[in-house]
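Please walk me through this model one feature at a time. I would like the general idea behind each term, and then the case at hand.

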Amino acid sequence: MNLASLLVGAVQLALVVLGGPLLLGLMRVVRSRLEGRVGPPVSQPWRDIAKLARKQRTRPSESSWIFAVAPLVLVATAATVAVLAPLVTLAPPLASSTDFIAVIFVLLVGSVALALAALDTATAFGGMGASRALTIGALVEPALLVAVLALSMPLHSTNLIAIVANGSRHASTLLGPSHLLALCSFIVVILAESGRLPVDNPSTHLELTMIYEALILEYSGPDLAAVTLGESMRLAIWLGLFVNLVAPVGIAATAHPLALVVGLVALTLKVVVVGIVVAIFEVTTAKLRLFRLPELLAGGFILAVLGVVTGAVMR
Amino acid sequence: MNLRHSLQLRHVDAGSCNGCEIEIGSVFGPVYDAERIGARLVASPRHADALLVTGPVTHNMASPLERTYLAMPEPRLVIALGDCARDCGVFSGGYAVAGAVADVVPVDLEIPGCPPHPDEIVSALRRFTNR
Ligand code: SF4
């Protein structure tokens, strides 16, 4: 790990921290426009975060340290992945040991922390949300891990940087059936993990239909600001990883400043496009009934398994 | 507290006839779209800057209303929306009515009307968001 790669990590972190809430704001604007409204400004999530950071912090009287540290864990895990993942460049810090599975589990630590915090509040909706979030998590993880297996087969390696680098070097692997099937399953996983429609409606006010929103009902002030920031960072990371697995065009192969600028612009453009597509998809679909969700997630799992099978057959 | 551009509202129906709710619905609908001035309805009083109360406060809703108010992080505002919330309106003297909103929690802003026009609600919210 040298100075250049640390600097690159800092650039990626800054991009995810600053860009995450803007991505969320952009997706809200797209949804509003399609609903015939003007909608909030793109910077609205940042304005909310800035205001929340100055408000009073309330904590449920019976809650323990878990409730207090969960928002920090959420932000810290997202920040760790933002530094290490191949978002802007293929030369982030610790490139040789950035394992895809490790990245997934670091992100998982954040979601589990939030679910535990919701249980910690001892409110009815907190417990219900935690149970739902972890049920979905348990169905998503197998699909995700099998998809990783399919993506890692050509290289015999689960090194995330190597997978993305291979895609950027040999564009033909990007169109392989195994790669495409794995990415289809990845889409389902992203929608579920970041709590978007049809899995969860991020703008719902009905407690009974909530999944991820129910986890954070008790947070206020600076804690809520951290949760909002953390969740938008995670969304940006998931979409960033996805676009780089689909089309690693423009990603900086070295830590050269010019390449970095190109990588930065390319990533931003790609994530903006995918974010808009997801927002359009969200407006045109209804939320799935909770008991139908396993079918969707099982579909994602099957796609990943098919990816592995075709990958094995075609070799 | 500067709530410029960002005002999260928690709505409590303390006993309204639901006429005011219909107007709130259209305040956040395509025509008036209060989201454009930075206002948003939220699902929890912990997330809210302002409590939007409609209707006269019935005996059953007096304590939930007060507890919702106490659950909000400071600084917190209370908006009494509609004539009922201001002075019990057509329901004054009813056997189920405990009083107006101001009898239970301190009110910062009143929006008159039965029900108030969405335009008036938006311009009242504008006083907090400054947009
Ligand atoms: S003010 Fe009018 S519309 Fe609103 S709750 Fe009272 S009676 Fe209903």
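Salt bridges, strands and buried helices

Q: What should I know about the model and its numbering before going on?
A: This is a predicted model, in which local features need pLDDT of at least 70 and side-chain atom pairs count only at pLDDT 80 or more, while totals for chains, interfaces and linings use all residues. Residues are numbered from 1 along each chain as its sequence is written, chains are lettered from A and ligands numbered from 1 in the order in which they are written, and side-chain values use heavy atoms, with hydrogens and water left out.

Q: Are Asp83(B), Arg86(B) and Glu110(B) buried, exposed or partly exposed?
A: Buried means under 20% relative accessible area, exposed over 50%, and partly exposed in between (1.4 Å probe, protein chains only). Asp83(B) is partly exposed at 24%, Arg86(B) is partly exposed at 29%, and Glu110(B) is partly exposed at 38%.

Q: How many salt bridges does the structure hold, and which residues of the two chains are linked in a network?
A: Over all chains there are 16 salt bridges. One of them pairs Glu35(B) with Arg37(A), whose closest N and O atoms are 2.8 Å apart. Glu35(B) sits in the loop between H1 and E2 of chain B, and Arg37(A) in the loop between helix H1 (3-34) and helix H2 (44-53) of chain A, so the pair joins two chains. Glu35(B) is buried at 15% relative accessible area, and Arg37(A) is buried at 12%. A network of salt bridges links Glu35(A), Arg37(A), Asp33(B) and Glu35(B).

Q: Which residues of chain B does Gln44(A) touch?
A: Contact means heavy atoms within 4.5 Å. Gln44(A), in helix H2 of chain A, touches His5(B), Ser6(B) and Gly38(B), not counting residues up to four places away in sequence. Gln44(A) is buried, with 3% relative accessibility.

Q: What is the order of the strands in the open sheet of chain B?
A: Helices (H or I, at least four residues) and strands (E, at least two) are DSSP runs, numbered from the N terminus. Two strands pair if DSSP finds at least two bridges between them. In chain B, 5 strands form an open sheet in the order E2-E1-E3-E5-E7, with parallel pairing. Strand E2 (39-41) and strand E7 (109-111) of chain B are at the edges with a single partner strand each, so one side of each has no neighbour in the sheet. Strand E5 (residues 77-81) of chain B is joined to E7(B) by 3 bridges, and Ile79(B) has Leu109(B) in E7(B) as its bridge partner.

Q: Which strands does helix H1 of chain B touch?
A: Helix H1 (residues 19-27) of chain B packs on the sheet and touches strand E1 (7-13), E2, strand E3 (50-54) and E5 of chain B. The buried residues of H1(B) are Gly19(B), Cys20(B), Glu21(B), Glu23(B), Ile24(B) and Val27(B). These residues pack against E1, E2, E3, E5 and helix H4 (118-129) of chain B.

Q: Why is helix H6 of chain A described as largely enclosed?
A: In helix H6 (residues 160-169) of chain A, 7 of the 10 residues are buried, so the helix is largely enclosed by the rest of the structure. Among them are Leu160(A), Ile161(A) and Ile163(A). The buried residues of H6(A) pack against helix H3 (65-84), H4, helix H5 (124-152) and helix H9 (221-246) of chain A.

Methods:
Axes are lines fitted to C-alpha atoms, for helices over the stretch in contact, and angles run from 0 to 180 degrees between N-to-C directions. A salt bridge is a side-chain nitrogen of Lys or Arg within 4 Å of a carboxyl oxygen of Asp or Glu.
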